[in-house]
Structures are given as C-alpha cells and as structure tokens.
Amino acid sequence: MKDTIHRIITECTFSYPLTEEVSLIYDLYMDSMMFTEMVIALEQAFAIEISDAETQNLFLVRDVYRLVEKKRGAVSP
C-alpha cells in the first residue's frame, strides 16, 4: 500500500525521495492542482472516497498513509 501511495505522490509532484515526515506543501511544493490529482489517483487506486473535509487534514506523507489505511479498514494500532 505504501509503495502505491509513494508512487502516486511522486508522479503528482515529480519529487523523490519521500519519507513519512515530508510536508506535501512545504517540502514537495504541492499546489492545489497536484493535490487534487493526488486525491483522485488515491481514490481510483484504492477504490475509496476521500471527502473535502478529510483532505484538510493531509499535511504530511504520513497523513496520507494513515487516511488510506483508515479508509481501507486496515488501521494499525
């Protein structure tokens, strides 16, 4: 799962390497278009829906991992 998320973020931002602590905006310079592309790609790749409210809590790559895990029902303790 993390590999797929990593690939999607990399394709949207043309940035590499990524760690969980990387900021989507400040480190990857993700603009609103890139962010929207990332959300759509995540929804398609994992067959999930991400609400606008949920996107407001995505600051770090780690936040993306956690949201996808939650949406897929695979939340780790």
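Let's start at the end of helix α4, where G73 follows with a positive phi, near 80 degrees. When I say helix, I mean a DSSP run of H or I with at least four residues, strands being E runs of at least two, and both are numbered from the N terminus. This is a predicted model, where local features need pLDDT of at least 70 and side-chain atom pairs count only at pLDDT 80 or more, while totals for chains, interfaces and linings use all residues. Residues are numbered from 1 along each chain as its sequence is written, and side-chain values use heavy atoms, with hydrogens and water left out.

Back to α4 itself. Its 12 residues should span 16 Å at 1.5 Å a residue, and the end C-alpha atoms are 17 Å apart, which agrees. The expected span here is 1.5 Å times one less than the number of residues. Which residues of α4 are buried? They are V61, R62, D63, V64, Y65, L67, V68 and E69. Buried means under 20% relative accessible area, exposed means over 50%, and partly exposed lies in between, using a 1.4 Å probe and protein chains only. These buried residues of α4 pack against α1, α2 and α3, and contact means heavy atoms within 4.5 Å.

Let's take the α2 partner. Two packed helices are described by the angle between their axes and the distance between the axes. For α2 and α4, the angle is about 35 degrees and the axes are 12 Å apart. The axes are lines fitted to C-alpha atoms, for helices over the stretch in contact, and angles run from 0 to 180 degrees between N-to-C directions. On the α2 side, M38, L42 and F46 make the contact, and on the α4 side V64, V68 and R72 do. That contact comprises 5 nonpolar residues, no polar ones and 1 charged. In this count, Ala, Val, Leu, Ile, Met, Phe, Trp, Tyr, Cys and Pro are nonpolar, Asp, Glu, Lys and Arg are charged, and the others, Gly among them, are polar.

Now over to α1. This helix has 12 residues and reaches 16 Å from first C-alpha to last, close to the 16 Å expected at 1.5 Å a residue. Its buried residues are I5, H6, I8, I9, T10, C12 and T13, and they pack against α2 and α4. Take H6 as an example: its relative accessible area is 17%, so it is buried. What does H6 touch, leaving aside neighbours within four places in sequence? The contacts are Y16, L18 and Y65. Just after α1, F14 takes a positive phi of about 60 degrees.

Finally, the charged pairs. Side chains of opposite charge can pair when their charged atoms come close. How many salt bridges does the structure hold? There are 4, each being a side-chain nitrogen of Lys or Arg within 4 Å of a carboxyl oxygen of Asp or Glu. One of them joins K2 and E20 at 2.7 Å, N to O. K2 lies in α1 and E20 in the loop between α1 and α2, so the pair ties together parts 18 residues apart in sequence. K2 is partly exposed at 35%, and E20 is also partly exposed, at 30%.

Another pairs R62 with E21 at 2.5 Å, N to O. With R62 in α4 and E21 in the loop between α1 and α2, this pair links parts that are 41 residues apart in sequence.

E54 and K71 meet as well, at 3.1 Å, N to O. Here E54 sits in α3 and K71 in α4, so parts 17 residues apart in sequence are tied together.
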